[in-house]
Amino acid sequence: MSQEHEAQLPVKCSGCGIKLQTENKEIPGFIPEVAYDREPVICQRCFRIKNYNEASSVSVNQDEFLRLLSGIGEKNALVIHIVDLFDFEGSLISGLQRFVGNNPVILAVNKVDLLPKVTNLNKLRNWVQQRCKEHGMKTEEIILCSAKRNQGFDRLLESVTELRGQRDVYVVGATNVGKSTLINRLISDYSDLDQELTTSQYPGTTLDTVKIPLDDGHYIIDTPGIVYPWRYSELVERQDLDAVMPAQTLKPAVYQLNEGQSLFFGGLGRFDFVQGARQSFTCFISGTLKIHRTKLERADSLYQEHRGELLSPPGTDRMDKLPQWQRHEFRINRDSNTDIYVSGLGWIKLNSTEGAVIAVHVPRGVKVLTRPSLI
């Protein structure tokens, strides 16, 4: 940007009050040089909300995010915490309770459209409740929704209306959980943003949050998406995202395995049935990711010979950008109802009550755990 333009650049966006900058479009307050002569001068994010009803998310790491939230407990606020049902444990903000104090939290569980149609939603809600309890999280209400299909959002807005009172609304969530879609719905239902953007100048915000004015003088506060490094969606290159993040309803793939057999999930992970009676396993992963069955004794050599080709994605050029694989072993007790969950990749349900010894190989740092079966 020319020095003359830079000298004339207003300090704050007249839409959201954020400090304007021309350097980095991933950070709030970005304004492209071509937009400098627009009236009013608004950041790219406000421009997109105003003209395309499209909120764009920026992201921070968890420590920065929790610092950002550190004062929320003293404020009178309603918190909407949005999580991804496909990656529940990977997208839950486990430290949130310490920061929100006694403020009410609505848990919006997005992407329920990915589960098979026959899923019992009451059982699913109970499952979510139980998981929240285990993570020490108190919720005022749990709402199962689908941003993509606009399902459950009316109930979510009713809940916001019931609980908001004289409060600002904070929206929090990890990256890729559907936060932008939710923000857009809140804006269209609660805010005359068009008029506000052109007429309102109000106090600035921190560089990391964007305040969107509501008709009653309160705000929706859009916080940045949190980057959790243990999720596949943060590890893979953009062209491989479709393979790990399902867009369609999951088609569970059932495999009858003998002891000493392995399943490869493209070139992204491997599941070994180490020990146990012959039994079936159901894989809930994206339909675009090919599953290859092989003998455990051949698995290492198959991977070395075919990684990036038969075993893909990622392709050969992107394979070495992922961390080295790490092996996680689990002993599943008899009569337990268990999923092996891999953050951002999906989960494998053990269908037998016989018990088993299982090993999972995934890039170092990816969160892998056992949990009570979701379905």
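**Strands, a sheet and a loop**

Mentor: Strand β16 (residues 346-350) and β12 are antiparallel partners, joined over four bridges. Strands pair if DSSP finds at least two bridges between them; helices (H or I, at least four residues) and strands (E, at least two) are DSSP runs, numbered from the N terminus. This is a predicted model, in which local features need pLDDT of at least 70 and side-chain atom pairs count only at pLDDT 80 or more, while totals for chains, interfaces and linings use all residues. Residues are numbered from 1 along each chain as its sequence is written, and side-chain values use heavy atoms, with hydrogens and water left out.

Trainee: Which residue stands opposite Trp347 in β16?
Mentor: That is Phe284.

Trainee: And how many bridges does β12 have with β9?
Mentor: Five, again in the antiparallel sense, with β9 covering residues 253-257. In that pairing, Ala253 stands opposite Cys283.

Trainee: Why is β12 described as largely enclosed by the rest of the structure?
Mentor: Because six of the six residues of β12 (residues 279-284) are buried, where buried means under 20% relative accessible area, exposed over 50% and partly exposed in between (1.4 Å probe, protein chains only).

Trainee: Which residues lie on each side of β12?
Mentor: Gln279, Phe281 and Cys283 are on one side, and Ser280, Thr282 and Phe284 are on the other. In a regular strand the side chains alternate between the two faces of the sheet.

Trainee: Changing topic to cysteines, how many disulfides are there?
Mentor: Zero in the whole structure, taking a disulfide as a pair of cysteine sulfur atoms within 2.5 Å. Cys43 is buried at 1% relative accessibility, and Cys132 is buried at 2%.

Trainee: What is the strand order in the open sheet?
Mentor: The five strands run β13-β10-β11-β17-β14, with antiparallel pairing. β13 (291-295) and β14 (325-332) are at the edges with a single partner strand each, so one side of each has no neighbour in the sheet.

Trainee: Which strand does β14 pair with over eight bridges?
Mentor: Its antiparallel partner is β17 (residues 356-363), and there Arg327 stands opposite His361.

Trainee: Lastly, where is Gly308?
Mentor: Gly308 is in the loop between α12 (296-306) and α13 (316-319), and is buried at 12% relative accessible area. Beyond its neighbours within four places in sequence, Gly308 is in contact (heavy atoms within 4.5 Å) with Pro314, Gly315, Thr316 and Met319.
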